[in-house]
Amino acid sequence: MKNRIHVLRAEKRWTQAELAEHLNVSRQTINALETEKYDPSLPLAFSIARLFARPMEEIFLFEADDAPPHHEV
Amino acid sequence: MNTKPRMTPVKASRRYQTEVVVAMVIYMALMAAVVPTLKTQPPLPERVLLAILPVLPIVWVIWAVIKYLRRADELQRRVHIEALAIAAGVAAFLSLSYGFLEDMAGFPHIPLWWVFMVIDLVWAGSACILWRRYK
């Protein structure tokens, strides 16, 4: 799933570590989110939306390919 | 949703690493203390006690792993649980097949503690490989 976390973080001038601290996750997880290798859980997605004070749809761009979630080996 | 204030994943990792290192130091110290005594062939009840003693810190390691998995963030938890599932599968498969080879094909006996080594090594190896998926 595409997202704008990297752009929103840059606007706030936060490092990945700082954003990680705000969201109570590890820096590796922020990196995986920004590189779109990992889709967050619903609670984490809400926390991200709340932190940046944006509706979820402005942060996460859901496309036809994204459903159903799949993770290949 | 969990409303309790949580230990941060960074702190949880550090706590886990500290606990494992301390437990392993105790384990090695106990091994060093127990092995020479065992070589003197003490009576059976004593031997049982001495053989069991070094694994007590491993109970602490297992507890530390469980605590870490609960405190880790969702991606760390996903990676480690998947890696542990792979490790459990590989260890189950290897111990089952080698058990059959021992029983039916006369292969030499391998001590059971190797199962522990296989789980740990495959867990660590799988976790490294799985992390690459998210980098």
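Q: What pLDDT does chain B average, and what share of the residues score at least 70?
A: This is a predicted model, in which local features need pLDDT of at least 70, side-chain atom pairs count only at pLDDT 80 or more, and totals for chains, interfaces and linings use all residues. Residues are numbered from 1 along each chain as its sequence is written, while chains are lettered from A and ligands numbered from 1 in the order in which they are written. pLDDT is the predictor's confidence in each residue, from 0 to 100. For chain B the average is 92, and the share scoring at least 70 is 96%.

Q: In which element of chain B is confidence highest?
A: Elements are DSSP runs numbered from the N terminus: helices (H or I, at least four residues) and strands (E, at least two). Confidence in chain B is lowest in helix H2 (residues 44–52), at a mean of 89. The highest mean, 97, belongs to H4(B).

Q: Are H4(B) and H5(B) oblique or parallel to each other?
A: Axes are lines fitted to C-alpha atoms, for helices over the stretch in contact, and angles run from 0 to 180 degrees between N-to-C directions. The axes of H4 (residues 74–105) and H5 (residues 114–133) of chain B come within 8 Å and cross at roughly 140°. Angles under 35 degrees count as roughly parallel, over 145 as roughly antiparallel, 65 to 115 as roughly perpendicular and the rest as oblique. H4(B) and H5(B) are therefore oblique.

Q: How do the residues of the contact of H4(B) with H5(B) divide by class?
A: Two residues are in contact if their C-beta atoms, placed from the backbone, lie within 7 Å. Residues of H4(B), including B:Val79 and B:Leu94, meet residues of H5(B), among them B:Val115 and B:Trp131. Ala, Val, Leu, Ile, Met, Phe, Trp, Tyr, Cys and Pro count as nonpolar, Asp, Glu, Lys and Arg as charged, and the others, Gly among them, as polar. The contact divides into 17 nonpolar, three polar and one charged.

Q: Which helices of chain A each supply at least two residues of the side that touches chain B?
A: Ten residues of chain A are in contact with eleven residues of chain B. By class, the side of chain A has five nonpolar, four polar and one charged residues. The helices in question are H3 (27–34) and H4 (42–52) of chain A.

Q: At what angle do H2(A) and H3(A) pack?
A: A:Gln16, A:Ala17, A:Leu19 and A:Ala20 in H2(A) meet A:Arg27, A:Thr29, A:Ile30 and A:Asn31 in H3(A). The axes of H2 (residues 16–23) of chain A and H3(A) are 8 Å apart, and the angle is about 105°. That makes H2(A) roughly perpendicular to H3(A).
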